[in-house]
Amino acid sequence: MAVREAAAGPRGPGRDEETALLYERAHYRHDPCWLLPVPPRLCLACVLELLPEPCVSLVRKKHVLSCFRDALLRHASLVMQLVAQDQRICTHFISMLFGLLCNVEDGSVIDLCIEVLIQLTTQLKLEQTVHCLLDECHKELCNMPSMRDSLATLTLLGKLVDAIPPLADKLVMEHSNLMEHLLRGLVYPNEGVRASVCYLYGKLYSSPVAAEMLSGHFREKLCPLFLSTLDGAQTKELQINCLGWLRQLLKYDLFVSVIMNESSLAESTEGVEGPPGKTSLPLVLKKLLLSRDETLQVASAHCITAVLVHSPTKHAPAFIHADIPEFLFEHLSSSSEVLVWFSYNCLILLAEEPLFFSKCHTVYGIESVVRSLQGSLRMNNTELHKEGLLLFAEILTRQPEEIKLFTSSTMCRDAGRALQEAVNSPVLEVAAEAVKAISAFLRKDHQSALPVQYRELRALLEAMLNRCADFSQTPLNRRPLRHSEQATQPNLMEVFLSILHSLFVIVPHMKEKFSKKLASSSFIRLTLELKARFCSSLSHSDLNQVCSSFLYDMSLNLLSAPEKTEPPSQEELSAVSAFLQHGLPEIRSRSPESLAFLSDRQYVEGIARQRQYCILLLFYLAYIHEDRFVSEAELFVAVQSFLLSLQDQDERPPLTVIRASIYLLAICQDKDDALDEAVVSAIRKFLEGIPDLHLVYIHHPLLLRFFLLYPELMSRFGHRVLELWFSWEESSYEELDDVSSAGQSPLPASLAALFYMLRSSPSILLILLDLIYSSPVDTARKVLIVLRTFLRRNEDVQVGGLIRGHFLLILQHLLVEHGASPSGDSGNLPLLLSLLSLVQLKNKSEQELDSMAMKLLHQVSKLCGKCSPADVDILQPSFNFLYWSLHQTTPSSQKRAAAVLLSSTALIELLEKILALTWTEVDSPRTALLCSAWLLAASFSAQQHDGSLQVHQTLSVELDQVLKVLSFPKKKAALLSAAILCFLRTALQQSFSSALVALVPSGAQPPPAPEDTALAPLGTSQVLSLVIGLQNLLVQKDPLLSYACVACLEALLDYLHARSPDIAFHVVSQPWNRFLLFTLLDAGESSFLRPEILRLMTLFVRFQSSSVLSREEVGHVLQGAALADLSTLSNTTLQALRGFFLQVQSMGLLADESTAQTLHVSLEGLSPSTSSAEPPLDMLCLGGVAVSLSHIRD
């Protein structure tokens, strides 16, 4: 007893706690030396006996273990002195703790055991103890029936190797069969187990010796398992541990080669799936870059860098083909300095590969680089400054001259200002990098955007020269109550209401309709006023009971048959029934008192709360049926106080109460009143506690406005509210999609309210864009029509950039998620693309393509490249977008855009396949797509030829099939014929010398006749057949087709005249041409003033074909033109008339001086300013095909 008392120590504060640390059953036997003299007063011998004892509670064991850990941390030397005195004690401690670890399931106890084991092992520093622990782990893993039970052991091993790095080599050499257990763990369907395996592997491969010994194991077994584990990881823990392991592997050239070789087997050419079961590291890292987790983004960029440093030339193409650069450029706008730095680093290494530039990644990302550089220079991070400038200098230096980086003077100016700020940096190393970048920036092709910013350039040069000198010195109405005064007699009203109430039972199939009629006739107000007037002093209890029963049944009837909301569930009706039964008899006050009661913020108990629920519900039902007998402003305030009271008491109201509260707030809110932030937060909290918003949604414009007015509600519920709005809208809005009547027809009231909100908050458009992509097709089409109508009726609202930016994000996610065949999961993508085309059509012509436009071009071209010709619903709007983008911009931007599109080999290959369908599918549903394809091909060919752009893939077209289609045209295919003519005209203008278009024969062709050699690749018979075909097309008198025919005929005659003038004059002099001309002129008095006829006559005059158009007939045309009111003619007609006059004059066909004078006066009046005719639109959508009139005509 003396020993026991001595060991227990003096009694006092904390005595009970100390007792909990002692194992009473055995402590009396223990030598006092095992009791620590300092807090925590722990007996180590008790720890050894208490922890393995099965009758001791887990809670107590956890407490003792926690105190033992604290003692190890605070009094390490004292504890070690006791434990280390005998190796058997050490071994026993280790075995006991390991046994506890393997036999408990509580996660916190497991973590404690692991922590204590690591502390003991590292502080004892005894090799035998380490061997003991390793042997225990090995034995446990070998005897484990399931890998799930191995989680604790694997976690311990990983942390043990982390704490004692030399153990990695020992584990690999002496416990090599553990590797097979780790392989089993890597394929086990539990991410916790796999995470612990990856963690341990990462620690093993951190040792060079162990890594070398495990190289064969990795190459033969681990590599594909590792990549598939990384690709399929869902939990953050597994993702982080996989990336940690990967970083260790990427330190060694051998493992980089093995991983990239394995990845190359999984990768494929653009638009083709790789082998099943294979995983590509670049694609996995791209997915992590696209995640919204900054840690994963940084780790992914770090791993890309770690691969590239081994050999940029060898490994960069794989990352470029995976489109990694575009995501790295996007991350340059991140607020994370670490992510930006790693993105810079990766891009610098990728820039060493020419493919980085030929794939136009720099065109895609240059604006991001400039903006990032401007932002980083405001940070106090010298290394970030240097890395950004180094990337900028690399791009400026290596960019091919034929593809401009800066096509607008604004972008060029911003770049110059960023460099000027950098060169003035007080840090000389930053300034030195800036000087190198400026030198590359001053290259001529970088300064060709007009107007050139000479003043800005001068300031930049001066700043650079001044700095060079420094270098040398240093190293939401009230209505009247329609009832007579007699109605206020209590007994009479009691009978009256009882009769009304009985009707609910007598005619049950009419109760809902009858209740609505009563509510809209102010019977809720009448009943409440009766209760307040006669029942307030507990008198007329029978009347109170009748009133309460009447309101109870009418309320439930109204709730059971809602018009603009989902009918409540039986559970919800039961909850309403309960609080109505308890609360309605208690309501005997007038409206002002009821409002005050509803506003009470003091603690509200159960029966009082049910009374509040009843008051709120009655006001809600009255308002829904247009009986607004309570002041809107006062009700607005009262409902807010009610909601805050619920929040203060942490109560969750019934769904009906939430629905009523939100509806009343939305209806009562004045334009100038706004909810307090606390109320908005309370509403959000209540809404987040319900399964879905449709349970409380009411279809009303003011409710929609309510959710979209407050950012906190819009960000969380805006998407679902708008989705519900469109699903409840009964109209399909198809009548609004008629462009010809859209400007005149009035908008439905619901749409007018939505448009008002869209004008005040354009960011709502982004939600609508998401709805088009993610909603059912019927809903998505409604949204699309609404957006189209809004954009057409609100030309002044500039939202193109907003829509295009969000569409870019959607498209990026689609291409990453659905890989090589987005058409298989396209959903509503065609609707989105048609909207994008409309936005593009709204753009002003002759406008530079900004960075966003270039990114969209890149992504849409990629999307097209992953489609097949059968994907018409995707390709048609995509081709329209590409075509309008090319023809609605300046020449310099056209060249830049064409370079981006031509770099997509998959797009060119697709275009070739579609063009080949022309010969078999005329008059098919694909005709519109064929039209767009021919127009795009003509545009690509012209841009490539004029700009000498690099060709990555040739476009093969069968020339004899083109000529055959035009020589024997089909009916009802005017637009297709016009598009093919446009293509042929381009080829003729280029003398069939395009580097892009390869004109090939359909099959074996006989050798050309000697007289056809000069016309090659055309033959004389082909030329004559083509001319007849053009004449037949002109007789159709289709304006667009006529433009195309005349333009093609002009190009054909120019081509023939250059090679065989005799054949050219022979073609023009054919008698059929005169018949053709008079057939065209036989369309009215002024038909000769149509531009295509004027151009045709000009052609005949030029080639001196008097047999077609005589000198006298030319004089008649001139006299008719002199008598015409030229101010009513279009600029196109004026231009054609001017050309005709000048040609007549140059050919000397003027009969006398008076004709010459008439011609001179006419020419003086032929300026564009004299025309009062409204200029026609150049960009049109004909039959779903994007068309530029100037492209067809000129």
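## A look inside a predicted model

Let's start with Cys67: its relative accessibility is 7%, so Cys67 counts as buried. Here buried means under 20% relative accessible area, exposed means over 50%, and partly exposed is in between (1.4 Å probe, protein chains only). Cys412, at 9% relative accessibility, counts as buried too. As for disulfides (pairs of cysteine sulfur atoms within 2.5 Å), the count comes to zero.

A quick word on the ground rules. This is a predicted model, where local features need pLDDT of at least 70 and side-chain atom pairs count only at pLDDT 80 or more, while totals for chains, interfaces and linings use all residues. Residues are numbered from 1 along each chain as its sequence is written, and side-chain values use heavy atoms, leaving out hydrogens and water.

Now for the aromatic rings. Rings of Phe, Tyr and Trp (its six-membered ring) pair if their centres lie within 6.5 Å; planes under 30 degrees apart are stacked, over 60 edge-to-face, and the rest tilted. The structure holds 31 aromatic pairs, and here are two of them:

| Pair | Centre distance | Plane angle | Type |
|---|---|---|---|
| Tyr205 and Phe255 | 5.4 Å | 80° | edge-to-face |
| Phe1065 and Phe1103 | 5.7 Å | 75° | edge-to-face |

Tyr205 sits in the loop between helix 13 (191–204) and helix 14 (208–213), and Phe255 in helix 17 (residues 253–266), so their pair ties together parts 50 residues apart in sequence. Helices (H or I, at least four residues) and strands (E, at least two) are DSSP runs, numbered from the N terminus. Both Tyr205 and Phe255 are buried. In the other pair, Phe1065 is partly exposed, with a relative accessible area of 33%, whereas Phe1103 is buried at 3%.

What about the nonpolar cores? Each is a set of buried Ala, Val, Leu, Ile, Met, Phe, Trp, Tyr and Cys residues joined through side-chain atoms within 4.5 Å. The largest has 251 residues, and Phe879 and Phe1140 have the most contacts inside it. Helix 55 (residues 1039–1059) supplies the largest share of this core, 13 residues. A second, separate core has 167 residues, including Ile114 and Phe319.

Finally, take a look at Arg788. This residue lies in helix 44 (residues 777–793) and counts as buried at 14% relative accessibility. Its side chain makes a polar contact with the side chain of Ser834 (3.3 Å). A polar contact is a pair of N or O atoms within 3.5 Å; within protein, one must be able to donate a hydrogen and the other to accept it, and residues adjacent in sequence count only if both atoms are side-chain atoms.
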